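Reader: I am new to this kind of model and would like to learn how to read its salt bridges. Could you take me through them with care?

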Amino acid sequence: MKKNIALSPNIETLFGTRDEYLHVLEDGLNINIDLRSDSIELEGAPRDVARAEQLFADYEHLRKSGHQFVNGDLGSMLRVVVTDPNATLRGLAEAGRQRSFGRKTVQPKSPNQRRYLEAIEKHDMVFGVGPAGTGKTYLAVAMAISALLNKQVNRIILARPAVEAGERLGFLPGTLQEKIDPYLRPLYDALFDMMDPERVERYLEKNVIEIAPIAFMRGRTLNDSFVILDEAQNTTSEQMKMFVTRLGFGSKAVITGDVTQIDLPNARRSGLIEAVDILQGVNGISFVHFDESDVVRHHLVQRIIRAYDEHKSRLAEQQLSLLEPKPVRSHVLPEEPPLRN
């Protein structure tokens, strides 16, 4: 089936750099897109062509209504649309409303990101679990800044486990804070991306924003605070239980982690995995699970994560096949012929 669509003004922004987004549509929808001087020709199965036609119509509607796609929003949404038959570009853009966080405007780039932000708004404790690059930490910090600026909380506390704490940490030069800063750098990066550096420094000096290893949380009750635990897969069971019981009145907690990147020594069980098992069904706690479709970094990151997942599955299948019992051959002696008289 072939279908011609007239080119409307500024439709070129849908094509992406070097027609990158058109290639996403061709590969994802299994269609051919031919650019003409005044139109676009779509060729493929009728259902696939209809989906592409709807996508172009959605984009035109959003553009006319003043919707702006920033920071790779469009590319991320297109990848969701081509992989999820029930998703539409208009639905993603309108349901995932843009939010202002400090000096940044953030648009959820996938249904899971939208659910994540809504869960943080509605629940006092949220677990965001999934691979790197899905926006777990960035969006949590954005929500924390929004809560602080809107006076919903009095301070932000950002915590991370320092996995290599102990002997090796002691060999690093400088004060204790200078030793642990490298472990906390991703949290600083998110803060400086959303707020003026001078304001961040002022908040840090006054302890309005506190960034510290999880060990510093012991014995505290955190009231009127927005607390984030990042890289939670590297907490022990004891550390996780200690952290989730620090929550005081008027506070929220967001726990993020990737269970495929556990760096705990001696094969200890991750506190994050245990918490997900134990706290499922507890009223007031929400769990949001991300996957490769939520990755908002370079499109190669999605492929890399998929390749690692496939490799892990192959190894699991090989190990399972080695454990399967092998059939035992029975050695039965042939019957002796009857004696003849």
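Author: Let us begin with Glu274, which is partly exposed at a relative accessible area of 23%, where buried means under 20%, exposed over 50% and partly exposed in between, with a 1.4 Å probe and protein chains only. This is a predicted model, in which local features need pLDDT of at least 70 and side-chain atom pairs count only at pLDDT 80 or more, while totals for chains, interfaces and linings use all residues. Residues are numbered from 1 along each chain as its sequence is written, and side-chain values use heavy atoms, with hydrogens and water left out.

Reader: Which residue forms a salt bridge with Glu274?

Author: In general, side chains of opposite charge can pair when their charged atoms come close. A salt bridge is a side-chain nitrogen of Lys or Arg within 4 Å of a carboxyl oxygen of Asp or Glu. Here the partner of Glu274 is Arg269, with the closest N and O atoms 4.0 Å apart, and Arg269 is partly exposed at 44% relative accessibility.

Reader: How many salt bridges does the structure hold?

Author: There are 12 salt bridges, and one of them joins Arg160 to Asp230, whose closest N and O atoms are 2.9 Å apart. Arg160 counts as buried at 12% relative accessibility, and Asp230 is buried too, at 3%.

Reader: Which residues are linked in a network of salt bridges?

Author: Such a network links Asp34, Arg36 and Glu41.
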